[in-house]
Amino acid sequence: MNHAMTMAGRRLFAFACSASTPFSQSQSKYKLPTYFCFPRFFCFSRLEDDSFGDKFLKWHNGGGTFHESACIDSTALVEVGAVVHSESVVGPNVRIGSGTIVGPSVTIAHSTKIGYNVSLSNCCIGDSCVVHNGVCIGQDGFGFYVDDDGNMIKKPQTLNVIIGNNVEIGSNTCIDRGSWRDTVIGDNSKIDNLVQIGHNVVIGKNCLLCGQVGIAGSATIGDYVTMGGRVAVRDHVSIISKVCICFLVSQC
């Protein structure tokens, strides 16, 4: 228990600098919002009547389940059927819908709303974001190679997804974690339903991605970029700021 408290305390203390930018790994220049370890955070609270197995407990606001090493602000709502896993941090006024899984060491900053049946892993999500139903963030990117013997080998996918502040992500969108750099979505960007964002993609601030956009791995997108429905961006491409890309289908 002491180890769990120490780890959770370190994560919260690391949040201490700016309320407008969250933590990220050292190899990324992008950051997410941060918090002090206020007393209102619950790092763990074991109540026999509310226990769900070895280290999972019932959250007092909404009836969801949380791991005893998670740190959750007392104002956060975790609905029945949602699960917050070990060493995750959930900030003030966050709402987590039923069926959502917040994986280990995920960070969700204040006033962010997470819909139903969302899957979050290997990610930090900024202030005042909206993540709609069925979104998947932080799963492995699609990276494979063929070795000398003709075997298909998976490339390691070990980094994170960093979501800025005031970002909205539409239903059933998928954002892959990074392999050689963090995948990043900049502040105030808006993403429609059914968008695929590959590993190592960096998207700037105030971008607009419409339905069924697909961005392949390691692409870099500037600020104020608009992509119409079904736009496809190939891997390792760089797009400068203030570009509008449309996909038009003529009637036959």
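Which loop, between which two strands, holds Asn-165?

**View 1. Asn-165 and its loop.**
Asn-165 sits in the loop that runs between strand 18 (161-163) and strand 19 (168-169). Strands here are DSSP runs of E, at least two residues long, and helices are runs of H or I of at least four residues, both numbered from the N terminus. Asn-165 is buried, with a relative accessible area of 6%. Buried means under 20% relative accessible area, exposed means over 50%, and partly exposed lies in between (1.4 Å probe, protein chains only). The side chain of Asn-165 reaches the backbone nitrogen of Asp-127 at 2.8 Å. This is a polar contact, defined as a pair of N or O atoms within 3.5 Å; within protein, one must be able to donate a hydrogen and the other to accept it, and residues adjacent in sequence count only if both atoms are side-chain atoms.

**View 2. The whole chain.**
This is a predicted model, in which local features need pLDDT of at least 70 and side-chain atom pairs count only at pLDDT 80 or more, while totals for chains, interfaces and linings use all residues. Residues are numbered from 1 along each chain as its sequence is written, and side-chain values use heavy atoms, with hydrogens and water left out. The protein chain has one helix and 31 strands. It is 252 residues long, and 46% of these residues count as buried. Among contacts between residues at least 6 apart in sequence, 24% join residues at least 24 apart. A contact means heavy atoms within 4.5 Å. The chain exposes about 12000 Å², and carbon and sulfur atoms supply 55% of that area. Accessible areas come from the Shrake-Rupley method with a 1.4 Å probe; for residues, only the protein chains shown count as cover.

**View 3. The salt bridges around Asp-140.**
The whole structure contains three salt bridges. Each is a side-chain nitrogen of Lys or Arg within 4 Å of a carboxyl oxygen of Asp or Glu. In one of them, the side chain of Lys-154 meets that of Asp-140 at 3.4 Å, N to O. Lys-154 lies in strand 17 (residues 152-154) and Asp-140 in the loop between strand 15 (136-139) and strand 16, so this pair ties together parts that are 14 residues apart in sequence. Asp-140 is partly exposed at 35% relative accessibility. Lys-154 is also partly exposed, at 39%. Arg-177 and Asp-140 form another salt bridge, again at 3.4 Å, N to O. This pair links distant parts of the chain, 37 residues apart: Arg-177 is in the loop between strand 20 (174-176) and strand 21 (183-185), and Asp-140 in the loop between strand 15 and strand 16. Arg-177 is buried, with a relative accessible area of 11%.

**View 4. Arg-234 and Asp-235.**
Arg-234 forms a salt bridge with Asp-235, with the closest N and O atoms 3.5 Å apart. Arg-234 is exposed at 58% relative accessible area, whereas Asp-235 is partly exposed at 32%. Elsewhere, salt bridges that share partners join Asp-140, Lys-154 and Arg-177 into one network.

**View 5. A nonpolar surface patch.**
Phe-142, Phe-144, Val-146 and Met-152 make a nonpolar surface patch of about 480 Å². Patches are made of residues with over 30% relative accessible area and no salt bridge; like charges are joined within 9 Å, and nonpolar side chains (Val, Leu, Ile, Met, Phe, Trp, Tyr) within 5 Å. Val-146 belongs to strand 16 (residues 144-146). At 52% relative accessibility, Val-146 counts as exposed.

**View 6. His-67 and its contacts.**
His-67 lies in strand 3 (residues 65-67). It is buried, with a relative accessible area of 12%. Leaving aside neighbours within four places in sequence, His-67 contacts Lys-55, Phe-56, Val-84, His-85 and Ser-86. Ser-86 is 19 residues from His-67 in sequence, but 5.1 Å away in space, C-alpha to C-alpha. The side chain of His-67 also makes a polar contact with the side chain of Ser-69, at 2.8 Å.

**View 7. Cysteines without a bond.**
The structure holds zero disulfides. A disulfide is a pair of cysteine sulfur atoms within 2.5 Å. For Cys-123, the closest cysteine sulfur is in Cys-124, 6.9 Å away and too far for a bond. Cys-123 is buried at 2% relative accessibility. Cys-207 is buried too, with a relative accessible area of 2%.
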